[in-house]
Amino acid sequence: MIMITGGAFAGKLEFARAQFGLNEDEIVDGTDCAPEDVFTAKCIVHYERLIRRLMEADGKGDLYGANGADEKTEAASTGGGAPKNKNLCPLTFTDRLLCENPDAVVIMDEIGSGIIPLEKGERLWREQTGRAGCRIAEYADMVIRLCCGVPEVIKGMRESIVVGGRS
Amino acid sequence: MMTLVTGGAKCGKSHYAEQLLEKFAGKKYYIATMEPYGEEAMEAIARHRKLRAGKGFETIERYTDIDGLAAPGGAGEGTAESDCGCTSADCEHEEKRAPELSPVCAPAEFRLPRGCGILLECTANLCANEMFKDGRICDPTERILRGFRRLKDISAELVIVTNEVGSDGISYEEGTAEYIRVLGTVNRLTAQMADRVVECVYGIPVVLKQE
């Protein structure tokens with residue numbers, strides 16, 4: 001598995017296309033693909049958004065039913081904030097991805113470097129994305145991070161790609 | 001040796017920071033700066049405690065005034081396990097503390113022993129605690145850095161964990177904007193002081209500075 005990360009619009013997809021010679025029909029987008037598609041696709045882009053969609057599906061449109069809910073209300077204290085459906089649990093889903101599609105190129109934005117969000121659902125999304133990302137990075141043979149379109153291999157064999165970052 | 005570990009939320013910073021002190025044979029202290037209020041704080045603390053369990057750290061909860069933990073004039077060697085001994089006279093930690101958390105605030109006279117290993121987590125909480133503690137905003141940059149400098153002087157191995165909070169592109173109201181500015185400054189100055197600076201990216205350590 002190869003993981004590509006970095007901030008939004010850092011040139012991750014562009015880099016993946018050029019580096020790995022991907023055709024458009026080999027790339028699925030976590031923004032709107034059927035979740036199962038990622039188990040067979042050659043490349044997945046916006047995996048962080050797919051995590052969000054799994055959480056939304058679990059909360060019936062709300063992130064675990066936690067967003068927008070006042071934390072002091074009964075609804076939030078009894079229902080929101082925890083995965084209900086195991087199949088929609090981002091970490092379980094990610095483990096399945098590693099298992100069934102071990103050669104995929106997974107592209108995932110970094111989303112955790114801001115102020116802690118006020119909404120609980122947003123905090124949970126950051127958390128689940130962080131955990132899932134750590135798991136993918138741990139499993140991946142190579143992790144590449146892009147900044148201003150410049151790739152830096154932060155894990156794996158530097159020699160195998162064209163690196164413009166620190167060497 | 002002083003290491004600053006940074007990164008965004010849930011990027012594996014704590015785990016990496018603990019690994020840095022894994023082989024350290026001397027006395028190891030974990031300075032926790034997060035005040036244990038609220039359900040999510042409790043969950044985070046419980047998770048971190050589990051991560052640290054069996055790794056030989058003695059936990060000290062210290063929400064402000066790091067300098068006081070290492071400044072001369074204390075009892076020298078001592079145990080951190082005691083009643084809440086925050087230096088301020090109006091300390092309310094005792095009553096606010098959840099019963100499941102044993103009080104491990106260091107007593108006022110407690111001082112970290114020379115030559116110990118220290119893991120402080122994290123600057124972002126410490127900075128917020130120092131900035132907003134009296135209901136008004138102050139600039140704690142100097143105060144925090146004085147504390148860190150003191151920790152560096154007395155310890156054999158120091159690891160400080162901080163957080164990246166300035167990269168979400170959102171314009172915040174004055175208090176939060178000031179916090180982002182102050183934490184950014186504290187982080188830069190801490191990095192200058194450190195021998196090594198490492199950023200964690202989804203669990204992968206990226207070395208930014210190594211002397």
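Reader: Which residues have the most contacts inside the largest nonpolar core?
Author: Keep in mind that this is a predicted model. The core in question has 82 residues, and helix H5 (residues 120–139) of chain A gives the most to this core, with 6 residues. The ones with the most contacts inside the core come from both chains: Met3(A), Ile4(A), Ile44(A), Val106(A), Ile107(A), Ile118(B) and Cys127(B).

Reader: Let's take one of those. What does Ile107(A) touch, not counting residues up to four places away in sequence?
Author: Ile107(A) is among the residues with the most contacts inside the largest nonpolar core. Setting aside residues up to four places away in sequence, the list for Ile107(A) runs Ile4(A), Lys12(A), Leu13(A), Ala16(A), Cys43(A), Ile44(A), Val45(A), His46(A) and Tyr47(A).

Reader: How many helices and strands are there in chain A?
Author: Walk along the sequence and chain A reads β-α-β-β-α-α-α-β-α-β-β. Of its 167 residues, 41% are buried. Among its contacts between residues at least 6 apart in sequence, 58% join residues at least 24 apart. The tally for chain A is 5 helices and 6 strands.

Reader: And what percentage of the residues of chain B count as buried?
Author: Chain B has 7 helices and 7 strands, running β-α-β-α-β-α-α-β-α-α-β-α-β-β from the N terminus. Look at its contacts between residues at least 6 apart in sequence, and 76% join residues at least 24 apart. As for burial, chain B has 211 residues, and the buried share is 39%.

Reader: Where the chains meet, which element gives the most to the side of chain A that touches chain B?
Author: The contact involves 19 residues of chain A and 18 residues of chain B. On the chain A side, the elements that give two or more residues are H5, strand E5 (142–147) and strand E6 (150–155). With 8 residues, the one that gives the most is H5(A).

Reader: How many residues on that side of chain A are nonpolar, polar and charged?
Author: That side of chain A has 19 residues in contact with chain B. They split into 5 nonpolar, 7 polar and 7 charged.

Reader: On to the sheet in chain B. Which strands stand at the edges?
Author: This is an open sheet of 7 strands with mixed pairing, in the order E3-E2-E4-E5-E1-E6-E7. On average, neighbouring strands are turned by 20 degrees against each other, direction ignored. An edge strand has a single partner, so one side of it is left without a neighbour in the sheet. In chain B that picks out E3 (57–61) and E7 (204–210).

Reader: How many bridges join E2(B) to E4(B)?
Author: In the sheet order, E2 sits between E3 and E4. Strand E2 (residues 28–32) of chain B runs parallel to E3(B), joined by 5 bridges; there, Lys28(B) stands opposite Phe57(B) and Tyr29(B) stands opposite Glu58(B). Towards strand E4 (residues 117–121), Ile31(B) stands opposite Leu120(B). E2(B) and E4(B) run parallel too, and the number of bridges joining them is 5.

Reader: Why is E2(B) largely enclosed by the rest of the structure?
Author: Both faces of E2(B) are covered, with Lys28(B), Tyr30(B) and Ala32(B) on one side and Tyr29(B) and Ile31(B) on the other. E2(B) is largely enclosed because its buried residues number 5 of the 5.

Reader: Which helix joins E2(B) and E3(B) in a β-α-β unit?
Author: The two strands run parallel. The unit they make is right-handed, and its helix is H2 (residues 39–52) of chain B.

Reader: What do the buried residues of H1(B) pack against?
Author: Helix H1 (residues 13–20) of chain B has Lys13(B), Ser14(B), Tyr16(B), Ala17(B) and Glu18(B) as its buried residues. They pack against these elements of chain B: strand E1 (2–7), H2, E4, E5, strand E6 (196–201) and E7.

Reader: Last one: is Ile160(B) buried or exposed?
Author: Ile160(B) lies in strand E5 (residues 157–161) of chain B. Beyond its neighbours within four places in sequence, its contacts are Leu4(B), Leu120(B), Thr123(B), Phe148(B) and Thr190(B). A residue needs 20 or more other C-beta atoms within 10 Å to pass the cut-off. Ile160(B) has 28 such neighbours, so it counts as buried.

Methods. Residues are numbered from 1 along each chain as its sequence is written. Chains are lettered from A and ligands numbered from 1 in the order in which they are written. This is a predicted model: local features need pLDDT of at least 70, side-chain atom pairs count only at pLDDT 80 or more; totals for chains, interfaces and linings use all residues. A nonpolar core is a set of buried Ala, Val, Leu, Ile, Met, Phe, Trp, Tyr and Cys residues joined through C-beta atoms within 7 Å. A residue is buried if 20 or more other C-beta atoms lie within 10 Å of its own, exposed if 12 or fewer, and partly exposed in between; C-beta atoms are placed from the backbone. Helices (H or I, at least four residues) and strands (E, at least two) are DSSP runs, numbered from the N terminus. Two residues are in contact if their C-beta atoms, placed from the backbone, lie within 7 Å. Two strands pair if DSSP finds at least two bridges between them. Axes are lines fitted to C-alpha atoms, for helices over the stretch in contact, and angles run from 0 to 180 degrees between N-to-C directions. Ala, Val, Leu, Ile, Met, Phe, Trp, Tyr, Cys and Pro count as nonpolar, Asp, Glu, Lys and Arg as charged, and the others, Gly among them, as polar. A crossover is right-handed if, with the strands pointing away from the viewer, the path from the first strand over the helix to the second runs clockwise.
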